[in-house]
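Please walk me through this structure, contact by contact.

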Amino acid sequence: MTGTAGDGCGEHYSRLIRELCALLLTIISPTPAAPGRPAPAGMSPAAAASMLLGASMALMLCGSVTFAIGFLLMPWVAGIALLFGFAGAVSTLSSGFFGKDAALPCKDATRGQICSPIGSDMLVA
């Protein structure tokens with residue numbers, strides 16, 4: 001599913017959400033008794049608490065797994081950010097010592113265009 005506006009994905013998801021809500025309401029709320037039949041037993045408070053406890057445990061477990069993955073990947077992300085920052089600082093410092101000063105763009109008199117601090121041959125892929 002691509003998720004474009006005209007392909008009906010929103011309708012599909014809203015139908016799934018409506019079915020899930022109807023299922024939960026069927027489980028939680030007691031149904032009225034039909035004439036001549038005894039009232040069916042609804043969900044007991046202990047069963048409702050057990051269902052909510054299971055849902056909260058599932059959410060905590062998923063959150064803990066997400067936290068653990070983020071905790072394990074954070075040193076790698078910080079290391080790459082520091083590496084790129086160090087490379088940028090070295091590049092900035094070395095361009096002042098070894099390269100020509102690129103503070104102002106230069107004007108190429110023959111072509112009438114602004115030239116790059118690096119060679120124009122390097123700009124073509």
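Glu 19 forms a salt bridge with Arg 15, and their closest N and O atoms are 3.1 Å apart. The term covers a side-chain nitrogen of Lys or Arg within 4 Å of a carboxyl oxygen of Asp or Glu. By this rule the count comes to 1 salt bridge. Both Glu 19 and Arg 15 lie in helix H1 (residues 9-28). They are 4 residues apart there, about one turn of the helix. Glu 19 is partly exposed, with a relative accessible area of 44%. Arg 15 is also partly exposed, at 37%. On this scale buried means under 20% relative accessible area, exposed means over 50%, and partly exposed lies in between (1.4 Å probe, protein chains only).

This is a predicted model: local features need pLDDT of at least 70, side-chain atom pairs count only at pLDDT 80 or more, and totals for chains, interfaces and linings use all residues. Residues are numbered from 1 along each chain as its sequence is written, and side-chain values use heavy atoms, with hydrogens and water left out.

Now the overall fold. The chain has 2 helices and 2 strands. Along the sequence they follow the pattern α-α-β-β. Helices (H or I, at least four residues) and strands (E, at least two) are DSSP runs, numbered from the N terminus. Of the 125 residues, 2% count as buried. The accessible surface of the chain comes to about 10,800 Å². Carbon and sulfur atoms hold 74% of that surface. These areas come from the Shrake-Rupley method with a 1.4 Å probe; for residues, only the protein chains shown count as cover.

UniProt, in an unreviewed entry, places the feature "transmembrane region" at residues 46-70 and 76-98. Such annotations may be inferred rather than shown by experiment. Over residues 46-70 the chain is 100% helix and 0% strand. The end C-alpha atoms of that stretch are 36 Å apart.

Which aromatic rings form a pair? A search of the whole structure finds 1 aromatic pair. Phe 67 and Phe 71 form it, stacked, at 5.9 Å centre to centre with 25° between the planes. Rings of Phe, Tyr and Trp (its six-membered ring) pair if their centres lie within 6.5 Å; planes under 30 degrees apart count as stacked, over 60 as edge-to-face and the rest as tilted. Phe 67 and Phe 71 are 4 residues apart in helix H2, so about one helical turn separates them. Phe 67 is exposed at 58% relative accessibility, and Phe 71 is exposed at 58%.

Trp 76 is also placed in helix H2 (residues 45-97). At 64% relative accessibility, Trp 76 counts as exposed.

How confident is the predictor? pLDDT gives its confidence in each residue, from 0 to 100. The chain averages 74, and 58% of the residues score at least 70. Among the elements, H2 has the highest mean pLDDT (88) and strand S1 (residues 106-108) the lowest (57).

Methods: pLDDT is the predictor's confidence in each residue, from 0 to 100.
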